[in-house]
Amino acid sequence: MIIHHPILGPRDAQEFVYLGDASLIERPDGMTAGVEVFHEYLYQRTNPAGEHRELWYHEQGDRSWLVVTRNTVTHEITRVELARDVARSKGRSK
Amino acid sequence: MRYSGFRVIAEALTGHKGWKPVWRDPTPQAEYDYIIIGGGGHGLATAYYLAKEFGQARIAVLEKGYLGGGNVGRNTTIIRSNYLLDGNEPFYEFSLKLWEGLEQDFNYNAMVSQRGIINLIHTDAQRDAATRRGNAMILHGAGARLLNRDEVRAMYPWLNFDNARFPIKGALMQPRGGTVRHDAVAWGYARGADMRGVDLIQNCEVTGMRIENGRIRGVETSRGFIGAKKVGVAVAGSSSKVMAHAGMRLPMESHVLQAFVSEGLKPLIDGVMTFGAGHFYVSQSDKGGLVFGGDIDGYNSYAQRGNLPVIEDVAEGGMALMPAIGRVRLLRTWGGIMDMSMDGSPIIDKTPVEGLYFNGGWCYGGFKATPASGWAFAHLLVKDEPHKTATAYRFDRFLKGLMIDEKGQGAQPNLH
């Protein structure tokens, strides 16, 4: 699979490490969220057959985290964003 | 029709005119007592044991494609019970005991071959871990032997014993482990279930679940609504898809795992061998092909095919262990979809929906579990309580911190 890195252009997926569903960006506040909320965040997955937004880390490149939109049935990649931009658009500052 | 040597001789003398289709192709009835979703190994075994061991009737198995077309026909056919933890070992040992009597039990030749399995050891630390695991196996009646380097060399003199990174120092062996003809397992269970009146309904995809007041009433399918008192889901690989019909999210991801078979060779490997350090395992089929595999591709996938980088990685593992296979040609590769649970262990449990039960999360290891999984799931469906060997396979173990973490690596969806 080729991932079109927003800064570096087309890169082989072998250069990346896969983490999983991009909802992992939205970590609950550990001081206020309860055990059930954290259980949901940490272990439960939607795991769709079809379009999936997921986190890839460019370990053998610029060490950036990307949010890749990929179809889990065809492996087709339709969108690649910097995870930083996605997190900031959700109001995260870091 | 009962199969036997006399039957083969009698049919041979009469032109093989007496063989009949092995199961019916029934139209779905309006309602059943039990619906099992998924006509793979686990679903068919569940239906078989529901009818045979638990005396139940009015059972249907719904299969989206054809019987045995999923992971039961895509695995590398290995059976074993070489686990460490109390939550696992009694269950897998129960399964291995069922394998040992399976062919007589369902009167079908599944080619169960207890040719022994070895896990290679390369360091002192691995030997300590293998010793501990072997002792746990012996305590549960599974049997185990620790082999030294010379004993491994006597079995397989052509292995690369002096690999600079992973020199072979010994192995943990389970002599009762082995291989089984995987398709015949599905066919044998299907035939046994059909003979006891179970309706095996193929080309019947579940498209929805009818749930009223927190209780399951039946399933919507591509062949219309079918009512049911109890519904069991055994569709590992597609569990998240099917359980989404009940509004449930599961602690798992779906990943593709590839497997490989080489061209036929003369007898080379008479058992099963795992090279965990090199992410490689291998056995040899009765036709002579080397059957081997390695890691999952590593990203969520519902495509039953993988990519080339993993093929290269597995081939490198094979070459590191067995330099002699360098010129062997690959005959076929294929992929299956695994439910990768968060701790590498399965789930056989009730759900928040009354009358809806779940069996899945088998990761790499579903095939060897087939008989015990079917038995334990049938037990749960009938008695509403887990079988004594499957009490740890609960949904709530992640919430309660009771993970069955066989390798001690922590919870993540890419284990084993």
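In chain A, Val68(A) stands opposite Val80(A) in E6(A). The model is predicted, so far as its record goes: local features need pLDDT of at least 70, side-chain atom pairs count only at pLDDT 80 or more, and totals for chains, interfaces and linings use all residues. Residues are numbered from 1 along each chain as its sequence is written, and chains are lettered from A and ligands numbered from 1 in the order in which they are written.

Strand E5 (residues 65-71) of chain A pairs with E6(A) in the antiparallel sense over five bridges; pairing requires at least two DSSP bridges between two strands, and strands (E, at least two residues) and helices (H or I, at least four) are DSSP runs numbered from the N terminus. Both belong to an open antiparallel sheet of four strands, in the order E3-E4-E5-E6 (chain A). Strand E3 (17-21) and strand E6 (77-82) of chain A each have a single partner strand, so one side of each lacks a neighbour in the sheet.

Chain B meets chain A through 21 of its residues, which are in contact with 17 residues of chain A; contact means C-beta atoms, placed from the backbone, within 7 Å. Helix H7 (239-243), strand E12 (252-264), strand E15 (289-300) and helix H10 (397-400) of chain B each supply at least two residues of this side.

Within chain B, an automatic or database assignment gives domain 1 (15-77 + 182-251 + 343-400) and domain 2 (113-177 + 253-341). Their C-alpha centres lie 30 Å apart. In contact are 22 residues of domain 1 of chain B and 12 residues of domain 2 of chain B.

Terms used: Two residues are in contact if their C-beta atoms, placed from the backbone, lie within 7 Å.
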